[in-house]
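Here is a friendly walk through one protein model and its ligand. Please keep the sequence and the 3D view open as you read.

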Amino acid sequence: MTIKMTLVLNTLESDDCTEQINALFADKNEEIEIINTADLKIMHCMGCNNCWLKTPGICAIKDDYEIILKKLVAAENFWVVADTKFGFIDYRGKRVLDRIVPMLNMYIEIRDGWERHQLRYHPLNFGFIYKGNGNRELLEEWSMRVARNLAGHSLGVISLDKAAEHVIIINGSPRVKKNSNTNKIIQAFAEGLEKAGITHKLYSLSNHAEWDEAREAFMTNDNIIIAVPLFVECLPSLLLEFLSTLPTERKQPAKLSFILHGGFDEGHQLRLGEKFLQSLPAQLGCSCGGVLVKGGSFLLRNRENSYIKKMTDKMLASYTTMGQSFARNGSFSSSEAKKFTGFEKNPKIGILLFNLIFKRIVKKNFERIAQEWGCTEPLDRKPY
Ligand SMILES: Cc1cc2nc3c(=O)[nH]c(=O)nc-3n(C[C@H](O)[C@H](O)[C@H](O)COP(=O)(O)O)c2cc1C
């Protein structure tokens with residue numbers, strides 16, 4: 001038997017997202033079979049173990065799942081399409097996966113360093129397509145684990161929900177817009193959104209005249225991003241004041257996501273701020289779209305010097321990429337967003353190098369900037 005076909009089990013209600021699902025597979029150069037399980041009778045696996053120990057390979061439940069098992073035996077790639085509940089695949093989707101057990105047998109072996117059941121047939125690659133508010137990071141890891149149990153690889157996790165078409169972005173920095181590093185980050189990020197066809201409206205809290213409108217936008221939009229610099233380990237007091245003026249009850253559900261950045265390079269400097277931000281959406285009646293975390297933003301606004309400009313251009317371009325990623329994933333829960341932080345803590349060798357570079361280059365750079373700002377005093381002078 002040739003094993004080349006792709007089996008897609010669509011567990012959504014009939015007609016739901018059918019066009020979108022078909023479009024995902026339309027230009028694939030492989031044999032595809034899409035089965036709508038809503039038309040079939042499929043029960044939960046009851047854990048009887050008959051398929052391993054009594055009638056090997058044959059499920060004890062006599063329903064329509066046998067049709068699927070026979071297709072799986074001829075498949076190379078296996079996709080499940082499902083709704084999400086509690087951020088995870090819903091029970092209808094999980095039900096067709098729990099019944100996959102007869103594809104393995106009772107024997108156990110060590111594969112890729114883990115105890116695993118032997119394959120009854122051949123490796124299967126696995127992918128997951130979902131609707132709704134799934135926990136992207138969890139689903140990606142889960143899909144990879146399922147695939148490894150089947151000795152295949154993850155085909156990926158795809159959201160069927162159209163990313164938002166419009167996003168409200170609030171700049172939570174007290175620094176005036178034209179000097180704000182956060183504003184530079186937002187501009188670069190929004191360029192990425194725009195490339196993906198998503199519009200945005202920006203409100204800057206440094207301008208009190210924008211507060212009423214920002215509050216109104218916060219209460220009436222369903223996709224909100226607050227971009228904020230780290231101030232003394234957490235949020236600037238100005239943003240805390242703005243948040244205190246928001247009603248905690250809202251009529252419309254919304255997803256609240258954050259871009260958190262700070263002066264120091266190390267990721268761990270931002271982790272308390274991140275923890276606080278993660279706790280915030282629920283307190284404001286919103287769901288959490290995650291926190292994008294990155295340090296090293298201090299010099300973004302000093303772009304006259306060509307060396308600094310080159311460095312900061314690179315960082316801003318990476319924020320544009322993250323704008324595109326947000327447009328694709330609808331949140332900062334993706335693995336690419338997690339990786340974006342970069343290094344967590346300076347390694348020892350890095351500290352030596354840092355001390356050397358700090359004395360030679362960074363210190364000189366600060367002194368040069370101070371000079372340009374008209375400062376005539378030593379930067380470490382003690383006025384009191
Ligand atoms: C009062 C104050 C406190 C700050 N505290 C921190 C901090 O705890 N950790 C950090 O990495 N950066 C800290 N920073 C640096 C800012 O987060 C960083 O310069 C950021 O790029 C400023 O963005 P903005 O220009 O939009 O305000 C602080 C800056 C200020 C003014």
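This is a predicted model: local features need pLDDT of at least 70, side-chain atom pairs count only at pLDDT 80 or more; totals for chains, interfaces and linings use all residues.

Residues are numbered from 1 along each chain as its sequence is written.

## Overall layout

The protein chain falls into domain 1 (5-159), domain 2 (166-339) and domain 3 (348-376), with bounds that come from an automatic or database domain assignment. Between the C-alpha centres of domain 2 and domain 3 there are 28 Å. The C-alpha trace of the protein chain spans about 85 × 50 × 35 Å along its principal axes.

In secondary structure, the protein chain has 12 helices and 13 strands. These are DSSP runs, numbered from the N terminus: helices are H or I with at least four residues, and strands are E with at least two.

Of the 384 residues of the protein chain, 30% count as buried. A residue is buried if 20 or more other C-beta atoms lie within 10 Å of its own, exposed if 12 or fewer, and partly exposed in between, with C-beta atoms placed from the backbone. Two residues are in contact if their C-beta atoms, placed from the backbone, lie within 7 Å. Among contacts between residues at least 6 apart in sequence, 75% join residues at least 24 apart.

## The nonpolar cores

A nonpolar core here is a set of buried Ala, Val, Leu, Ile, Met, Phe, Trp, Tyr and Cys residues joined through C-beta atoms within 7 Å. The largest one has 39 residues, of which Phe189, Phe258, Leu260 and Leu292 touch the most other members. Elements that each supply at least two residues of this core include helix H6 (181-195), strand E9 (166-171), strand E12 (255-261) and helix H10 (306-329). H6 gives the largest share of this core, 6 residues. A second, separate core of 31 residues includes Leu12, Phe78, Leu104 and Val146.

Leaving aside neighbours within four places in sequence, Ile168 is in contact with Lys201, Ala217, Phe218, Asn221, Asn223 and Ile224. The C-alpha atoms of Ile168 and Ile224 are 4.7 Å apart, although 56 residues separate them along the chain.

## Strand pairing around E3

Two strands pair if DSSP finds at least two bridges between them.

| Partner of E3 | Sense | Bridges | Example of bridge partners |
|---|---|---|---|
| E1 (residues 5-10) | parallel | 6 bridges | Val8 and Trp79 |
| E7 (residues 124-131) | parallel | 7 bridges | Val80 and Phe128 |
| E4 (residues 88-89) | antiparallel | 2 bridges | Lys85 and Phe88 |

E3 and E4 form a hairpin with 2 residues between the strands, where Phe86 takes a positive phi near 60°.

## Around the ligand

Which residues are closest to the ligand? Ser173, Thr182, Pro229, Gly262 and Gly263 are the closest of the 18 residues that surround the ligand. A residue is taken as near a molecule if its C-beta atom, placed from the backbone, lies within 6 Å of it. By class, this shell has 6 nonpolar, 10 polar and 2 charged residues. For this count, Ala, Val, Leu, Ile, Met, Phe, Trp, Tyr, Cys and Pro are nonpolar, Asp, Glu, Lys and Arg are charged, and the others, Gly among them, are polar.

## Single residues worth a look

Most residues other than glycine have a negative phi. Asn49 is not a glycine, yet its phi is positive, at about 70°. Asn49 is in the loop between strand E2 (32-36) and helix H2 (50-53). Is Asn49 buried or exposed? Asn49 is exposed, because 11 other C-beta atoms lie within 10 Å.

Phe86, in the loop between E3 and E4, is exposed too, because 10 other C-beta atoms lie within 10 Å.

Finally, turn to Lys309 in helix H10. Lys309 has 14 C-beta neighbours inside 10 Å, so this residue counts as partly exposed. The C-alpha atoms of Lys309 and His117 are separated by 55 Å, and the two residues are 192 residues apart along the chain.
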